[in-house]
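Welcome to this short briefing on a protein model. Take a look at the sequence and the structure below, and then we will walk through a few places together.

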Amino acid sequence: MSLTLAFGAGLASFLSPCVLPLIPSYITFITGMTLDDVQRARRVALIHSPLFVLGFSAHFLPRRIATLLGRFL
């Protein structure tokens with residue numbers, strides 16, 4: 001239940017009126033292209049976006065794992 005609730009809350013915050021308009025800006029930042037270029041080269045955008053998420057996760061995930069390990073020990 002908590003995973004479903006967390007996913008729903010994350011989805012709701014993603015679709016909120018203060019975040020949704022920023023999505024085109026994030027896509028152009030991640031790909032380094034203008035919005036028109038992104039629409040023509042969707043494949044590049046689809047490759048760069050998961051790489052951005054992986055890089056972002058690689059920065060924060062070790063800290064989270066260390067915290068969980070510390071609490072466990």
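Ser 49 sits in helix H4. Keep in mind as you explore that this model is predicted. With a relative accessibility of 23%, Ser 49 counts as partly exposed, because that class lies between the cut-offs of 20% for buried and 50% for exposed.

**Around Ser 49 and the largest pocket**

- Tyr 26 is 23 residues away from Ser 49 along the chain, and the C-alpha atoms of the two are separated by 9.3 Å.
- The volume of the largest pocket is about 170 Å³.
- Which elements give two or more residues to the lining of the largest pocket? They are helix H2 (23-31), helix H3 (35-40) and H4.
- H4 provides the largest share of that lining, with four residues.

**Aromatic rings**

- How many aromatic pairs does the structure hold? There are two.
- In one of them, the ring centres of Phe 56 and Phe 60 are 5.1 Å apart and the planes meet at 50°, so the pair is tilted.
- Phe 56 and Phe 60 both belong to helix H4 (residues 42-72), where they are four residues apart, about one turn of the helix.
- Phe 60 has a relative accessible area of 39%, so this residue is partly exposed.
- Phe 52 joins Phe 56 and Phe 60 in a cluster linked by ring pairs.

**A nonpolar patch on the surface**

- Which residues form a nonpolar patch on the surface? They are Phe 7, Leu 11, Phe 14, Leu 15 and Leu 20.
- Together, these five residues have about 500 Å² of accessible area.
- Phe 14, one of the patch residues, is found in helix H1 (residues 2-14).
- Is Phe 14 buried or partly exposed? Phe 14 counts as partly exposed, because its relative accessibility is 41%.

Technical notes. Residues numbered from 1 in each chain as written. Predicted model: local features only at pLDDT ≥ 70, side-chain atom pairs only at ≥ 80, totals over all residues. Heavy atoms only, no water. Patch = residues over 30% accessible without salt bridge, like charges linked within 9 Å, V, L, I, M, F, W, Y side chains within 5 Å. Areas by Shrake-Rupley, 256 points an atom, 1.4 Å probe, with all protein chains shown as cover. Salt bridge = Lys/Arg side-chain N within 4 Å of Asp/Glu carboxyl O. Buried < 20%, exposed > 50% of the residue type's maximum accessible area, 1.4 Å probe, protein only. Phe/Tyr/Trp six-rings, centres within 6.5 Å; stacked < 30°, edge-to-face > 60°. 1 Å grid on protein atoms, 1.4 Å probe; cavity = no way out; pocket = protein on both sides within 12 Å on 5 of 7 lines; lining within 4 Å. Points joined across faces, edges and corners; volume = space filled by probe spheres on them.
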